[in-house]
Amino acid sequence: MKSVGVVGIIFLALIRASISNQWEFPDDFQFGTATSAYQVEGGWNADGKGVSVWDRLTQTPGFVTDGSNGTVACDSYHKWEEDVQMIKNLNTDYYRFSLSWTRIFPNGFANGINQPGVDYYNNLIDELIANGIEPIVTLFHWDTPDIFSALGGFYTPTFIDLFANYARTAFDLYGDRVKRWITFNEPKVLCQDYSEFMGMINEYYPNGIIEYLCSHHMIKAHVKAFRIYDLEFRLRQRGRVGITLNFEWSEPASDSPEDVVAAEQRRQFEFGLYANPVVYGNYPQIVIDRVAERSKLEGFPQSRLPKFSLLEQINNRGTYDFLGLNHYNSWLVKATEEVPIGKPSVQNDIGTSRHVDPGWEDTEWDGKVAPWGLRNSLIWLKKTYRDPEILITECGYPDKTGTLEDDRRISFLQQYLNATLQAIYEDKVNVKGFTAWSLMDNFEWGQGYTVKFGLYFVDFNSPDRTRTPKKSAEYFRSVIESRRV
Ligand code: GAL
C-alpha cells in the first residue's frame, strides 16, 4: 500500500468530516456484497464440472499478471457455509453471486445436467435464505463454457439459444427461491474490452466488427431469457429479471458544446449500446448513425452495426425489471478531430479522447476516487431511461496489499454511499440498493491476486484460504445498522 502518511490521514479525516450525515437510507434501500463464480469458487473440475474459457485462458503463460488462476481461488466451492456466516456478520440484505455454467452443464449444452453442481447452488441458496439473506443470482459472469469457443463464442447467433436454454434451466432449478436474476454482467467489458475472454479472436476478425456482433447476440440472449421468464416462470415464481451494465462516467472536459456532445457520444457507445435496446428496443441513434457513416467510408456494403428488425425492436423493449449498475471510474472527455478512416474499430467509432484530472484522489490500482461520477451516472440513467429502478450491483475500492487497516476503502465507501444518498434525496433517483464489490479478496481476472477489493481478507497462501474481516467490513456493517454513512 502506498504510504498515506500524516497529511493523508488528515486529508481523509477532513473528507469524512465534510460528508454530511443528514440523510438516512430509506427503509426500502438495501445493502449487499458481490462475487462471481470463477473469482471465488475454485473447485475448477470438482464433481464433474466442465471447462470454462477461464480455466483454459489462465493456463496461457503471460495471460494473468502473476501467472495465477482460479483453480482454488477462495475455495468457496468448499467453504460456502463460512461465506454465508461472513455475509451474515455484515448484516447485508442480499448476496449477489454468479452460477458457473459448466458446473451445471459441463459441456455447456442443456442435455447433460451435473447434479453435484446443481446441488452446490441449492445448498448455497438454502443456506443464505436460512440466514435471512436474499440470493441475487447472475447467470453469466464471464466464464463461458470453453467448448463454445470453437463455435465462435458470442460472435455467433448460436449462442443465443445456448444461453436461453441454460437460463431456463436455472430459472427452473432455483426460481422457487431466487427472486432476483441478472442475465449478464458487463457485456461491454466482455465485448469491447476483453474480447479474448470469449475465445476465437485473431487478426482476421477486426475489432469494430466482432465487438458489435458480440453485443448484438448478448442483447438478444438477454431478451430471450427475459421473455422465457415472462412466459414460463413469472406468474408462479414472481421474481424479477435485470441486466448489469458497467458505466464509467464521461464528464465533458469543458463547457464547450463540442465537449458536451463528445461526452454524450461516449456514454451512448459505452452504456447506451446495451441499455437503449433493452429499454427502447433499438440502438441509440448516434451509434446507428456513426457506425453506418464510418462503415460506408470504409467501403462496407452495410453498417458494421447489426440491425434489429422491427419485430425484434418491439420484443426488446422493456426487457428489464431493474437496471444493474456497476460503477468504478470517471473520465473527462474532449471532442477530437474525426479519426481518419482505416481499420474498423469501436474506439474510432466512438472518437473523442478522455483523461483524468491529476488532482483527483488516486485509488491504489486503476482509476480515481470521484464519487460525483457515480451521482452523475445515476442522474443520467434517470433522465435517459425514464426513471428506471436501479440497483448498484458493484462499486468498490482496489488496493494491492489487502491490508486489514483499510481506511482508504472506508473513505471510498463513505464517499460513494454519500453520493448515492445525494442521488436519492436531491436528484430523486430511484436507486434501491448498493452492492460492495467484493465480499472478499478474490481472483481479479487478468490481475490475478495482485489487486484486492474485499471487505474480508483472504490468505491465499494458506491451504484453508483463511478469511479475516478488514476494518471496512466493520464500517459497512455500521452503515447498515445506522443507515447513515
Ligand atoms: C468488474 C467485474 C468484477 C470485478 C470488478 C473489479 O468489472 O464485474 O468481476 O472484477 O470489476 O475490477
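**Notebook: surface and rings**

I looked up Phe109 and found that this residue is partly exposed, with a relative accessible area of 33%; the classes are buried under 20%, exposed over 50% and partly exposed in between, with a 1.4 Å probe and protein chains only. I noted that this is a predicted model, in which local features need pLDDT of at least 70 and side-chain atom pairs count only at pLDDT 80 or more, while totals for chains, interfaces and linings use all residues. Residues are numbered from 1 along each chain as its sequence is written, and side-chain values use heavy atoms, with hydrogens and water left out.

I then placed Phe109 in the loop between helix H5 (101-104) and helix H6 (115-130); helices (H or I, at least four residues) and strands (E, at least two) are DSSP runs numbered from the N terminus. Together with Ile147 and Leu151, Phe109 forms a nonpolar surface patch with about 240 Å² of accessible area.

For the whole protein I recorded 16 helices and 15 strands. The C-alpha trace spans about 60 × 55 × 50 Å along its principal axes, and buried residues make up 61% of the 485 residues.

Next I turned to the rings, and the structure holds 52 aromatic pairs. Rings of Phe, Tyr and Trp (its six-membered ring) pair if their centres lie within 6.5 Å, and planes under 30 degrees apart count as stacked, over 60 as edge-to-face and the rest as tilted. Tyr38 and Phe443 form an edge-to-face pair, 5.4 Å centre to centre with 85° between the planes. I traced Tyr38 to helix H2 (residues 37-40) and Phe443 to the loop between strand S13 (431-437) and strand S14 (456-458), 405 residues apart. Tyr38 counts as buried at 7% relative accessibility, and Phe443 counts as buried at 0%.

I also looked at Trp142 and Trp445, whose ring centres are 4.7 Å apart with planes at 40°, so the pair is tilted. Trp142 sits in the loop between strand S3 (134-140) and helix H7 (158-174), and Trp445 in the loop between S13 and S14, 303 residues apart. Trp142 is buried at 5% relative accessibility, and Trp445 is buried at 6%.

Last, I returned to Phe109, which ring pairs link into a cluster with residues including Trp101, Phe140 and Tyr166.

Notes:
Patches are made of residues with over 30% relative accessible area and no salt bridge: like charges are joined within 9 Å, nonpolar side chains (Val, Leu, Ile, Met, Phe, Trp, Tyr) within 5 Å. Accessible areas come from the Shrake-Rupley method with a 1.4 Å probe; for residues, only the protein chains shown count as cover. A salt bridge is a side-chain nitrogen of Lys or Arg within 4 Å of a carboxyl oxygen of Asp or Glu.
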